[in-house]
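I opened a new structure today and kept short notes. Here is what I looked up, in the order I looked.

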Amino acid sequence: MVNGSEGKIMSVAAWQALPRPRRVVFTNGCFDILHAGHVAYLEAARALGDHLVVGLNDDASIGRLKGPQRPINEVACRARVLAALACVDAVIVFAEDTPARLIAEVAPDVLVKGGDWPVERIVGRETVLARGGEVRTIPLVPGQGTTEIIARILDRYQLRGADA
């Protein structure tokens, strides 16, 4: 594996070739504009185990999920920023609209999503529970959603005019 945080960005096959950590935590998302809410969430997720794997939506899947104006940052940039976080042990990019296949391949002990997701709607829940794992939610940090941040930027720059 490559030294430094870029070595944390890997394929499923590379992940599966590594020695299995004791307690693997998995989460996924777009992580388009990394913010304090994301960092708090990822740190809390990592605290639930020994190794945090982040499934990262590729650009096409974000466009399908969030609309044609997203993502703001391309997948290579988003993966690089996530990999630089000390709490993140691996980043695996996936192209599907849901991480169901990736969750089955990573086989985490703990599956985590934000508190805005009811546990019964979390993709991969059945797979993790069937293996004896657990599914958890983590409360979100108010005012720190990417959509909210984009709206604040647009509002502020519209007020400043064309010279911004």
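I began with contacts in the chain between residues at least 6 apart in sequence: 71% of them join residues at least 24 apart. Contact here means heavy atoms within 4.5 Å.

I noted the ground rules. This is a predicted model, where local features need pLDDT of at least 70, side-chain atom pairs count only at pLDDT 80 or more, and totals for chains, interfaces and linings use all residues. Residues are numbered from 1 along each chain as its sequence is written, and side-chain values use heavy atoms, with hydrogens and water left out.

**Overall build**

I looked up the elements next. The chain has seven helices and five strands. These are DSSP runs, numbered from the N terminus: helices are H or I with at least four residues, strands E with at least two. Along the sequence I read α-β-α-β-α-α-β-α-β-α-β-α.

I checked the dimensions. The C-alpha trace spans about 55 × 35 × 30 Å along its principal axes.

I then looked at burial. Of the 164 residues, 41% are buried. Buried means under 20% relative accessible area, exposed over 50%, and partly exposed in between, with a 1.4 Å probe and protein chains only.

**Helix α4**

Which residues of α4 are buried? In this helix, residues 75-83, I found Arg78, Ala79, Leu82 and Ala83. They lie on the same side of α4, because they cover an arc of only 130° around the axis. The arc is that of the directions from the helix axis to the C-beta atoms. The buried residues of α4 pack against α2 (36-46), β2, α3 (59-66) and β3 (90-94).

**His51**

I moved on to strand β2, residues 51-57, which holds His51. His51 has a relative accessible area of 15%, so it is buried.

**Glu6**

I ended in the segment before α1 (12-17), where Glu6 lies. Glu6 is partly exposed, because its relative accessibility is 48%. Its side chain joins that of Arg80 through a polar contact of 3.1 Å. A polar contact is a pair of N or O atoms within 3.5 Å; within protein, one must be able to donate a hydrogen and the other to accept it, and residues adjacent in sequence count only if both atoms are side-chain atoms. Glu6 and Arg80 are 74 residues apart in sequence, yet 6.3 Å apart in space, C-alpha to C-alpha.
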